[in-house]
Amino acid sequence: MCSSSAARPTGDSRYTFGFRLAAWYAVLFVGSALVLIALTYVLLASTLRQRDHEIIQSTLEKYASQYEQDGVPGLVAAIRSDRLAGQHETLFVRAVGAYAQAVYFSSPEDWSGFDLGRLDVAPLPDTKVWSDVRAAQTGDVLEVASVRLPDGIIFQVGKSTGSREDLLARFRTVMLLAFGAVSLVGLGGAVFITRSTLGPIRRLIAVVRRIMATGRIEARVPARETGDALDELSTLFNGMLDRIESLIAGMRGSLDNVAHDLRTPMMRLRSIAETALESDRGPEALREALADCLEESDRVVAMLTTVMDISEAETGTMKLVRERVDVAHLLQETVDLYADVAEEKQQALGTTAAPELSLNADHNRLRQVMANLVDNAVKYTPAGGSIALEGRTDGNSVVIDVRDTGIGIPPDDLPRVWERLYRADASRSERGLGLGLSLVRAIVEAHGGRVAVTSRPGEGSTFTLVFPAQHPPAMPPE
Ligand code: ADP
């Protein structure tokens, strides 16, 4: 057995969803910041390293050529002038003779702990050898480039990574602080995004809960007018509630009307039966009463059938057997059906239709539509009047007009004539149930079309049916 609460998300799962959303946002935000910082760090470290190597290399070339030109005094002079000019921090410079004795050695005073024995390399002529020597205490690294000069002297220039490491350490501290700030912003953003995203959904849930708890459908989700997808969802949801509300109101109204309108024939039935039972007239009178009862019950059945047809068409459950319907033929059929009645009332009844005009529709239902319209036209047009049926195109739409020169409809009644069981005062003397036009509208709308009416009291009315431009491909007649 499944309970209704099983399908309902619990408050916890909603919060879990909010938490997941926030966590995803925070992870993405903080993760991207971390990647960006790491990339910047790697780039900076490699740029600094490259710059140090370039300094070492260019100094090595400069001092080596100086040494080759002017010997040790030339080298000393060059180093001194560089130091005086403050060109760059103090470099390690060494020239080693063929028997490993230092010809020249210059090293900054604060440098200590480097095991220079590891620098005893023997590069081939025209090649440069890079060596790293780590200071045991400070952990600094001395990066040294060595070359062999033509006279066999090995010339070396080196630079400590100390200042570079200092700079990178400072950068790391700054980046750590920045990362902390970015993480805070990310978390704050995650909470804000989650709240603003889930807010409308929570309001939607609250409205649904209220409707389910109270059964009252008037509640609506407050409009935010932001134009985003959630706003659209709220608007659609409110629109759906409006539609449901109007359908319920319509159903309630028509149920009341039907109940009210059923009372009259049922009372009449009862009174015919009662009178017949009480009278002591013969079997012929009883037979007559039974026939009257039959007629009344036929009226009730016809009314109920029409009400059900309207409901089916309005709710989309009416089965439409679509086929190609020739409009000229449809109008002619209707004219033929009402020719005798119209002639009796001395009314001119005619039709015009563009040739080849056709609809993909349920032929029987369209016959019902046309019969209702022409029945009304004949009913509400005095003797001597005229009724015209016209089939035409308007753009891509197929339009059918039923025009009469009858009593017309007062402007106040005009919008209400499509309502179930509505009858204008002027027409109460005529037979009718007030369901014909409701059925016309329901069937036309079930075909995707729409209806309209224009009228002038005392001059006549025009009922217009407009069928949509795009019809599904016509089905071959069965
Ligand atoms: P009814 O059975 O009363 O004809 P309908 O639903 O067909 O019910 O029409 C509703 C009301 O619309 C009618 O009672 C009448 O007042 C008005 N009406 C419909 N057609 C016409 C018409 N051609 N001319 C004047 N009034 C009309």
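Biologist: Where does Gln156 sit?
Modeller: Gln156 is part of strand 5, which covers residues 154-160. Do keep in mind that this is a predicted model.

Biologist: Is Gln156 buried or exposed?
Modeller: Buried: its relative accessibility is 0%, and the cut-off for buried is under 20%.

Biologist: Which side chain does the side chain of Gln156 make a polar contact with?
Modeller: With that of Ser146, at 3.1 Å. Ser146 also stands opposite Gln156 in the strand pairing. The two strands involved, strand 4 (residues 141-148) and strand 5, run antiparallel and are joined by seven bridges.

Biologist: And what else is Gln156 in contact with?
Modeller: Setting aside neighbours within four places in sequence, its contacts include Leu60, Leu119, Val121 and Val144. Phe92, Val93, Arg94 and Val96 are also among them.

Biologist: Which strands does strand 1 pair with?
Modeller: It pairs with strand 5 over five bridges, in the antiparallel sense, and Ala95 stands opposite Phe155 there. Strand 1 also pairs with strand 2, again antiparallel, over four bridges. In that pairing, Val96 has Ala102 as its bridge partner.

Biologist: OK, zoom out for me. What is the order of the strands in that open sheet?
Modeller: The order is 2-1-5-4-3, five strands with antiparallel pairing. Strand 2 (102-106) and strand 3 (128-134) are at the edges with a single partner strand each, so one side of each has no neighbour in the sheet. On average, neighbouring strands are turned by 15° against each other, ignoring direction.

Biologist: Let's look at strand 3, then. Is Ser131 buried or exposed?
Modeller: Ser131, which lies in strand 3, counts as buried at 10% relative accessibility. Apart from neighbours within four places in sequence, it is in contact with Leu119, Val121, Leu142, Glu143, Val144 and Ser146. Ser146 is also the residue that makes the polar contact with Gln156.

Biologist: Nice link. Changing topic: what domains is the chain divided into?
Modeller: Domain 1 is 14-167, domain 2 is 229-315 and domain 3 is 322-468. The C-alpha centres of domain 1 and domain 3 lie 99 Å apart.

Biologist: What about helix 4, how many residues does it have?
Modeller: Helix 4 (residues 229-278) has 50 residues. From its first C-alpha to its last it reaches 72 Å, close to the 74 Å expected at 1.5 Å a residue.

Biologist: Which residues of helix 4 are buried?
Modeller: Among them are Asp231, Ser234, Phe237, Asn238 and Leu241, then Ser254, Val258 and Leu262. Pro265, Leu269, Ile272 and Ala276 are buried too.

Biologist: I see steps of three and four in those numbers. Why would that be?
Modeller: An α-helix has 3.6 residues a turn, so residues three or four places apart point the same way.

Biologist: And what covers the buried residues of helix 4?
Modeller: The cover includes helix 3 (162-214) and helix 5 (283-315).

Biologist: How many bridges join strand 10 to strand 12?
Modeller: Seven, and the two run antiparallel. Within that pairing, Arg403 has Thr462 in strand 12 as its bridge partner.

Biologist: Last one: where is Gly406?
Modeller: Gly406 is in the loop between strand 10 (397-404) and helix 8 (436-446). It is buried, with a relative accessible area of 3%.

Biologist: What is Gly406 in contact with?
Modeller: Leaving out neighbours within four places in sequence, Gly406 is in contact with Tyr380, Thr381, Pro382, Gly458, Glu459 and Gly460. The C-alpha atoms of Gly406 and Thr381 are separated by 3.6 Å, though the two residues are 25 residues apart along the chain.

Technical notes
Residues are numbered from 1 along each chain as its sequence is written. This is a predicted model: local features need pLDDT of at least 70, side-chain atom pairs count only at pLDDT 80 or more; totals for chains, interfaces and linings use all residues. Side-chain values use heavy atoms; hydrogens and water are left out. Buried means under 20% relative accessible area, exposed over 50%, partly exposed in between (1.4 Å probe, protein chains only). A polar contact is a pair of N or O atoms within 3.5 Å; within protein, one must be able to donate a hydrogen and the other to accept it, and residues adjacent in sequence count only if both atoms are side-chain atoms. Contact means heavy atoms within 4.5 Å. The expected span of a helix is 1.5 Å times one less than its number of residues. Two strands pair if DSSP finds at least two bridges between them. Axes are lines fitted to C-alpha atoms, for helices over the stretch in contact, and angles run from 0 to 180 degrees between N-to-C directions. Domain bounds come from an automatic or database domain assignment.
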